[in-house]
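Please examine the sequence and the structure shown below.

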Amino acid sequence: MADLKEVFQSKIQPFADEVARIQREHGEFKISDCTVAQAYGGMRGVKCMTYETSALDPLEGIRFRGRTIPDLIETLPRAPGGEQPLPEGLFYLLLTGDMPTEEDARAVGAEWRRREGLPPHVARALDALPRDAHPMTQYSLGLLAMQTESAMAAAYHKGIAKRDLWRPMYEDVMNLLANAPLVAAYVYRRAYHGGRHVEPGPKDWDWARNFAHILGYDQPQFADLMRLYLSIHSDHEGGNVSAHTVRLVGSALSDCYYALSAGMNGLAGPLHGLASQESIRWILELQKSIGKARPTRDDIANYIWETLGAGRVVPGFGHAVLRRTDPRYMALREFALKHMADDDVFYIVATLFEVAPPILESQAKIKNPWPNVDAHSGAVLLHYGMTELDFFTVLFGVSRATGTMASLLWDRALNLPLERPKSVTTGWVREQVYNL
Ligand code: AMX
């Protein structure tokens, strides 16, 4: 078994050569046109970046290094006795493009566990915030506070060739991924459990199991849920707000702490990752307003109409790229059908799956009436007793760290330049379209 850093290093030159050749031979080949509607409309569908670790098909959903979620659930290494993939194995796949052996995945997990340890000032920085500051604010700040440890920033300061920056960044990324769960757990225990923190478990526990443990959850099934949860939320190609922010900030040669913290501020928006909290809150409000644990289909339909009538979005439904049900949603649904089929909140999630799409489809402007991952993730967490809805996006953020960090390492390994697209004014558009 080779060391992950060596495997990654062995991939860099051949891939960088290929990228250089494509640019040299086909640099003028057009892969996209941009319309006025796209320029005003959030650049939907404009193909203007490459991103290696995953790709999103509107109908089929996400593929990580070419592999679908059901395929990965089947083939990625698992923990002993577990049924779900190890996120550390997925990280190996995202970074190298190779399917890890069990030994490879365990080695990555062991390395992360070995690198655990928050600098003391991170806790002090978090303690300076009000306990009820939103957990995403706390999480983002905790990641940023770790920036003091950046090997890449130190190397740059000393003087390092740009092409070698990936080396200290690799160390930063591995330290960051080792410690992101510790920051998240610190935030959780501080905000909701009176600051009674839980010591990490034995070093041979996998990353997700240990994360579940330091959050305060020792049920084996919850650990397995975390393995699944932390795998499926990891990456969603390059254009989503969190991944693109990480890429953009990193392109200024900001280190991975700056980049990930910035990405998390984007994930904290309700149209992006915060939908995971908003969706479950919406479901619990529905239960409360109807006054039944299991509202009828008509109750649910009326509540959807009320939400739309109030000019609000139905959280957990729709997507900027997807045009079918999100396979991440389906993975959580499979888990729920197996482990919590009688749960009242799951009943509502499952009923919404039948009731909401035709209603949303009747609104001509909504391009995708189907549920995304956020329509499901809250229900499974709630089932295991995690009732602190505001925390849910932090779990998303721990997972998103793995995909965006694998991709950021490639950005530096390929020596990608500063991102600097050209903006135009409406005056310029006016001149063009009216031939002024
Ligand atoms: N409920 C109500 N209206 C919706 C809707 C929903 N679930 N989804 C889309 N729409 C509306 C939009 O708000 C927009 O209305 P507007 O023109 O008045 O502003 C119109 O339909 C067209 O939107 P779209 O082209 O279908 O989607 P989009 O690419 O602009 O936005 C998304 C995508 C996800 C922001 C949107 O579907 C939405 O707001 N969904 C609810 C929030 C959510 O679940 N977000 C999580 C997405 C996944 C993730 O990042 N974690």
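Two strands pair if DSSP finds at least two bridges between them. Helices (H or I, at least four residues) and strands (E, at least two) are DSSP runs, numbered from the N terminus. The model is predicted: local features need pLDDT of at least 70, side-chain atom pairs count only at pLDDT 80 or more, and totals for chains, interfaces and linings use all residues. Residues are numbered from 1 along each chain as its sequence is written, and side-chain values use heavy atoms, with hydrogens and water left out.

Q: How many bridges join strand β1 to strand β2?
A: Strand β1 covers residues 54–57 and strand β2 covers residues 61–64. The two run antiparallel and form a hairpin with three residues between them. Ala 55 stands opposite Arg 63 in β2. The number of bridges joining β1 to β2 is four.

Q: Which residue in β3 is the bridge partner of Phe 64?
A: Strand β3 (residues 67–68) runs antiparallel to β2, and two bridges join them. In their hairpin, two residues lie between the strands, and Arg 65 takes a positive phi near 45°. The bridge partner of Phe 64 in β3 is Arg 67.
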